[in-house]
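Please read the following account with the sequence and the three-dimensional view side by side.

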Amino acid sequence: MYKINDGCPNCGACKSVCPVGAIKFDGKTFISSDCIDCGICVRSCPVKLIVSEDDNKAAKTEVKKTAKKEE
Ligand code: SF4
Ligand code: SF4
């Protein structure tokens, strides 16, 4: 599952590359449930705001682990 992080200037680049039209605009750009997790849009974003939610979770877990080690 992919998501768009905050700060997207709605440039539309990702929208034009999505093969299944899963990226929509409704006041802001968002990835709908039609997403098939192909990952193509990630590379299209000039400001690198599209991230895999799994990566996000992994990153957060890593931060927690690091924080624990420092206790
Ligand atoms: S991961 Fe693929 S299917 Fe999902 S929004 Fe991006 S380009 Fe579209
Ligand atoms: S390519 Fe990046 S900046 Fe442009 S609309 Fe998509 S998420 Fe937003």
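**Two ligands and the chain around them**

The shell around ligand 2 consists of 10 nonpolar residues, three polar residues and no charged ones. The model discussed here is a predicted one. Ligand 2 has 13 residues around it, and those that come nearest are Cys8, Pro9, Cys11, Cys14 and Cys45. The space that ligand 2 takes is the largest cavity.

Ligand 1, in turn, sits in the second largest cavity. Its shell holds 10 nonpolar residues, one polar residue and one charged residue. Tyr2, Cys18, Pro19, Val20, Ile23 and Ile31 belong to the surroundings of ligand 1, as do Cys35, Ile36, Asp37, Cys38, Gly39 and Cys41.

With the two sites located, the course of the chain may be followed. The protein contains three helices and four strands. Read from the N terminus, these elements follow the order β-α-β-β-α-β-α. Of the contacts between residues at least 6 apart in sequence, 58% join residues that are at least 24 apart.

The next topic is the interior. Of the 71 residues in the protein, 25% are buried. The largest nonpolar core comprises 12 residues. Among them are Tyr2, Ile4, Cys14, Cys18, Ala22 and Ile23. The remainder of this core is made up of Ile31, Cys35, Cys41, Cys45, Leu49 and Ile50. Tyr2, Cys18, Ile23, Ile31, Cys35 and Cys41 are members of this core and also belong to the surroundings of ligand 1. Cys14 and Cys45 are likewise in the core, and both are named with the residues that come nearest to ligand 2.

Which residues does Ala22 contact, leaving aside its neighbours within four places in sequence? They are Phe30, Ile31, Ser32, Asp34 and Cys35.

Ser32 is located in the loop between β3 and α2. Is Ser32 buried or exposed? Its relative accessibility is 9%, so Ser32 counts as buried, the limit for that class being under 20%. Apart from residues within four places in sequence, the contacts of Ser32 are Met1, Ala22 and Lys24.

Asp34 has its place in the loop between β3 (29–31) and α2 (40–44). Its relative accessible area is 41%, and therefore Asp34 is partly exposed. Not counting residues up to four places away in sequence, Asp34 touches Val20, Ala22 and Lys24. Along the chain, Asp34 and Ala22 are 12 residues apart, while their C-alpha atoms are separated by 5.0 Å.

Further along, the loop between β3 and α2 also contains Ile36. Because the relative accessibility of Ile36 is 53%, and exposed means over 50%, this residue counts as exposed. Ile36 is one of the residues around ligand 1.

At 38% relative accessibility, Asp37 is partly exposed. Its backbone deserves attention. Most residues other than glycine have a negative phi. The phi of Asp37, however, is positive and near 60 degrees, although the residue is not glycine.

A second example of such a backbone angle is Asn10. This residue is not a glycine, yet its phi is positive, at about 55 degrees. Asn10 lies in the loop between β1 (2–4) and α1 (13–17). With a relative accessibility of 31%, Asn10 counts as partly exposed.

Where does Pro19 lie? Its place is in the loop between α1 and β2 (23–25). The relative accessible area of Pro19 is 51%, so the residue is exposed. Leaving out residues up to four places away in sequence, Pro19 touches Cys38 and Ile40. Between Pro19 and Cys38 there is a separation of 19 residues in sequence and of 8.8 Å in space, C-alpha to C-alpha.

How values were computed
Residues are numbered from 1 along each chain as its sequence is written. Chains are lettered from A and ligands numbered from 1 in the order in which they are written. This is a predicted model: local features need pLDDT of at least 70, side-chain atom pairs count only at pLDDT 80 or more; totals for chains, interfaces and linings use all residues. Side-chain values use heavy atoms; hydrogens and water are left out. A residue is near a molecule or strand if one of its heavy atoms lies within 4 Å of it. On a 1 Å grid over the protein atoms alone, a cavity is a set of points where a 1.4 Å probe fits but cannot get out, and a pocket is an open set with protein on both sides within 12 Å along at least five of seven lines; lining residues have an atom within 4 Å of a point. A molecule sits in a cavity or pocket if more than half of its atoms lie within 2 Å of its grid points. Ala, Val, Leu, Ile, Met, Phe, Trp, Tyr, Cys and Pro count as nonpolar, Asp, Glu, Lys and Arg as charged, and the others, Gly among them, as polar. A nonpolar core is a set of buried Ala, Val, Leu, Ile, Met, Phe, Trp, Tyr and Cys residues joined through side-chain atoms within 4.5 Å. Buried means under 20% relative accessible area, exposed over 50%, partly exposed in between (1.4 Å probe, protein chains only). Contact means heavy atoms within 4.5 Å. Helices (H or I, at least four residues) and strands (E, at least two) are DSSP runs, numbered from the N terminus.
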